[in-house]
Amino acid sequence: MKLIYLILDHAARNITRGEVSVPQDLGEYTDTQIHYHVGLCVQAGYLRATGTVRTDGLGRFKGLAGLTWDGHEALDELRSQYG
């Protein structure tokens with residue numbers, strides 16, 4: 001859940017208009033883990049992301065397009081634990 005928090009927080013702090021890149025350096029987490037969790041955030045309805053690019057069979061997102069209302073609520077809940 002900490003990685004989910006870091007991704008949502010990154011999106012909330014950086015998106016003003018258009019899209020922002022998927023975070024690349026989140027400490028102990030690999031690029032593969034980050035993209036996988038971005039996908040989970042999209043599936044959960046927390047985050048809008050721009051289309052995927054396939055690289056070596058792994059879905060990678062082009063960018064983050066914004067948090068949904070549910071994403072803002074999830075971020076607020078996670079912030080009390082990880083923020």
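Some ground rules. The model is predicted, so local features need pLDDT of at least 70 and side-chain atom pairs count only at pLDDT 80 or more, while totals for chains, interfaces and linings use all residues. Residues are numbered from 1 along each chain as its sequence is written, and side-chain values use heavy atoms, with hydrogens and water left out.

Confidence next. pLDDT is the predictor's confidence in each residue, from 0 to 100. The chain has a mean of 87. Of its residues, 90% reach 70 or more. Helix α3, residues 69-82, has the highest confidence, at a mean of 96. Strand β2, residues 52-55, has the lowest, at 60. Helices here are DSSP runs of H or I with at least four residues, strands are runs of E with at least two, and both are numbered from the N terminus.

Now helix α1, residues 2-14. For the 13 residues of α1 that gives 18 Å, and the end C-alpha atoms are 18 Å apart, so the two agree.

Which residues of α1 are buried? They are L3, I4, Y5, I7, L8, D9, H10 and A11. Buried means under 20% relative accessible area, exposed means over 50%, and partly exposed lies in between, with a 1.4 Å probe and protein chains only. The cover over those α1 residues includes α2 (31-43), β1 (47-49), β4 (64-67) and α3.

On to the packing of α1 with α2. Two packed helices are described by the angle between their axes and the distance between the axes. Here the angle is about 80°, and the axes are 10 Å apart. Axes are lines fitted to C-alpha atoms, for helices over the stretch in contact, and angles run from 0 to 180 degrees between N-to-C directions. α1 and α2 are therefore roughly perpendicular. The cut-offs are under 35 degrees for roughly parallel, over 145 for roughly antiparallel, 65 to 115 for roughly perpendicular, and oblique for the rest.

Who makes that contact? From α1, L3, I4, I7 and L8; from α2, Q33, I34, H37, V38 and C41. Contact means heavy atoms within 4.5 Å. By class, the contact residues are 7 nonpolar, 2 polar and no charged. Nonpolar covers Ala, Val, Leu, Ile, Met, Phe, Trp, Tyr, Cys and Pro; charged covers Asp, Glu, Lys and Arg; the others, Gly among them, are polar.

Stay with V38 in helix α2. V38 is buried, at a relative accessible area of 0%. Beyond four places in sequence, V38 touches I7, V22, L47, A49, F61 and L64. V38 and M1 are 37 residues apart along the chain, and their C-alpha atoms are separated by 12 Å.

Next, helix α3. It has 14 residues and reaches 20 Å from first C-alpha to last, close to the 20 Å expected. G71, A74, L75 and L78 are its buried residues. They pack against α1 and β4.

Take L78 in α3. L78 is buried, at 8%. What does L78 touch beyond four places in sequence? The partners are M1, I4, Y5, L8 and G83. L78 and D9 sit 69 residues apart in sequence, with 9.5 Å from C-alpha to C-alpha.

W69 is also in helix α3. Buried or exposed? W69 counts as exposed, at 67% relative accessibility. Its C-alpha is 8.7 Å from that of G45, 24 residues away along the chain.

T68 counts as buried, at 19% relative accessibility. Leaving out residues up to four places away, T68 touches G45, Y46, L47 and R48.

R48 counts as partly exposed, at 43% relative accessibility. Outside four places in sequence, R48 is in contact with L64, A65, G66, L67 and T68. R48 and L78 are 30 residues apart along the chain, and 18 Å separates their C-alpha atoms.

Note on methods: Expected span 1.5 Å × (residues − 1).
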